Amino acid sequence: MKAYDFVVARDDLQQCKLIETQLPDAAALPSDALLVRVDRFAFTANNITYAVLGDQLKYWQLFPAPQGFGNIPVWGFGEVTASNHPGVAVGERLFGYFPMATHLVIEAAEVSKRALRDGAAHRQGVAPVYNAYARVTGDPAFAGRQGDHQALLRPLFMLSFLVDDHLAENEFYGAQRLLLSSASSKTAFGLAHLLQARADLKVIGLTSAANVDFVGSLGCYDEVVTYDRVTSLPSDSPVALVDMAGNSGLREKLHFHFGDQMKYSGRIGLTHRSSSPDEPELPGAKPKWFFAPDQIRKRAKEWGPGGVDKRFGAAWSDFAPTLDRRLKVIEGRGEGPVTQVYLDTLQGRIPPEQGHMLSLL
Ligand SMILES: NC(=O)c1ccc[n+]([C@@H]2O[C@H](COP(=O)([O-])OP(=O)(O)OC[C@H]3O[C@@H](n4cnc5c(N)ncnc54)[C@H](OP(=O)(O)O)[C@@H]3O)[C@@H](O)[C@H]2O)c1
C-alpha cells in the first residue's frame, strides 16, 4: 500500500498538492512506536487558522513536510495497523490530532487506560492537548455520526466552554449584551449555546448577509445582525465582544460605535483573514487574545483532578444532541474532494450548515 500526504505552500495557501511518501515498514518500527492509518478527519475554518499561524504557534513543526510546505493538523480518527508498544494493540482506534495524510507514526508514551501521548521530539513545545490521543475503541460516543460530531466540534467547543466560563467568572465585564462575530462558525454557535443558558444576557450574532438565515435557524442567538448593520445597534449600554472573525475593519467599527461601552474585546479567531498588523488604538476595552491554555490551567488548579473534564463532559452532553439538526455532515474521500474542501474552506465558500469529514485513503 502507498502512503500520501496533503501539503500546502506555507507562503501561499492557495497552492496545495498530494505527495507520495514512504510507508514506514511495520516490521522495523522503533520500540514503543505505532503505525496509525488516518481514517477520517474533520476540516473547518479552524484548520485554516492553524495554517495561517503555522510558524507563529509552531503548528508546522508537528507533522513535517518538504521544504517550503506544511501539513495542516486536523482532528480525527486513526486505526493502529502495527504496534511496537506492549500496551497498545493492533486494531485500536484513536481520536486526536493528525496530519492530512494516510498514515502517521506515533511514539507512544504515557499510555494509560484511556489515552496516550506522542512523545516524538519534534512534537514537543506545543500545548499538551495537541499530542494527546484518546483511546476510543468501542466507545459509541466516538463512533458513527456521534464520532463525526466529536471531530468537527469537540475541540472547538472546548474553546466555547472556556470563553463562557471566563466571561461568567468575570461577570461578563458588566455587559448584558454579548456580540459574537462570525456567528455562523461552529466555535461561535457553541459559545452562543452555552451563553443562552445564562440568565439576563442577550446574545447577538454578527454575520455576513449570506449566513443570516442559518444563524437565525440555530435558535441560540437572540438577535442576528449583518456586518454592514452593526452601527444600528444601540450604543448606550455595555457590550462585550467575542471576535471569531479577526477582521480589523469590523473591530474598529464596533469599538468606535460602542466607545466606552465596549467592556471586553476578546480575540479568538481569524475566519476573515483580514487582520491588520498595525491596528490603531481603539476606544473601549483593549482587544486582547483569549489564551485557552491559561484558562484550562487556572481551572485545573481550582477544580482539582478531573474537574475540567467533568464539567466539559456535562456541557458537551447537553450540546451534542442539538448537532443533528444544526449540521449536515458531508463525507469526502481522496485527492479531488479533499482539495476541493480545502480550497473552498480557504475561500469561505463552505455553507455554514455543512460539516466536512474527509479521508485520503
Ligand atoms: N483561539 C483558539 O484557541 C480557538 C479555538 C477554536 C477556534 N478558534 C477560531 O475560531 C474561528 C472559527 O473556527 P470554526 O472552525 O468554528 O469555523 P467554521 O465553522 O468553519 O466557520 C465558518 C464561518 O467562518 C466565516 N468564514 C470562514 N472562512 C471565511 C472566509 N474565507 N472569508 C470570510 N468569512 C469566512 C463565515 O462566517 P460569517 O459569515 O458568520 O463571518 C463562515 O460561515 C477560527 O478562526 C478558529 O481558529 C480559535
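Predicted model: local features only at pLDDT ≥ 70, side-chain atom pairs only at ≥ 80, totals over all residues.
Local features are reported where pLDDT is at least 70 and side-chain atom pairs only at pLDDT 80 or more, whereas totals for chains, interfaces and linings use all residues. Residue numbers start from 1 along each chain as its sequence is written.

The chain is divided into domain 1 (3-138 + 327-359) and domain 2 (155-295), with bounds taken from an automatic or database domain assignment. The C-alpha centres of domain 1 and domain 2 lie 30 Å apart. Their contact takes nine residues from domain 1 and 13 residues from domain 2, two residues being in contact if their C-beta atoms, placed from the backbone, lie within 7 Å. On the side of domain 1 that touches domain 2, helix H1 provides the largest share, four residues. By class, this side of domain 1 has five nonpolar, three polar and one charged residues. Here Ala, Val, Leu, Ile, Met, Phe, Trp, Tyr, Cys and Pro count as nonpolar, Asp, Glu, Lys and Arg as charged, and the others, Gly among them, as polar.

The ligand comes next. Both domain 1 and domain 2 give residues to the shell around the ligand, so it lies between them. Of the 27 residues around the ligand, Asn46, Thr49, Ser185, Gly269 and Gly348 come nearest; a residue is near a molecule or strand if its C-beta atom, placed from the backbone, lies within 6 Å of it. Sorted by class, the shell has ten nonpolar, 15 polar and two charged residues. Helix H1 (45-52), helix H2 (144-169) and helix H3 (186-196) each supply at least two residues of the shell, and H1 gives the most, with three residues. Helices (H or I, at least four residues) and strands (E, at least two) are DSSP runs, numbered from the N terminus.

Turning to the strands, an open sheet of three strands has the order E2-E1-E4 with antiparallel pairing, where two strands pair if DSSP finds at least two bridges between them. Strand E2 (12-21) and strand E4 (69-70) are the edge strands, each pairing on one side only. Strand E1 (residues 3-9) pairs with E4 in the antiparallel sense over two bridges, and Ala9 has Phe69 in E4 as its bridge partner.

Elsewhere, strand E16 (residues 328-333) and strand E17 (residues 354-359) run parallel and are joined by six bridges, with Lys328 standing opposite Gln354 in E17. E16, helix H9 (residues 335-346) and E17 make a right-handed β-α-β unit; a crossover is right-handed if, with the strands pointing away from the viewer, the path from the first strand over the helix to the second runs clockwise.
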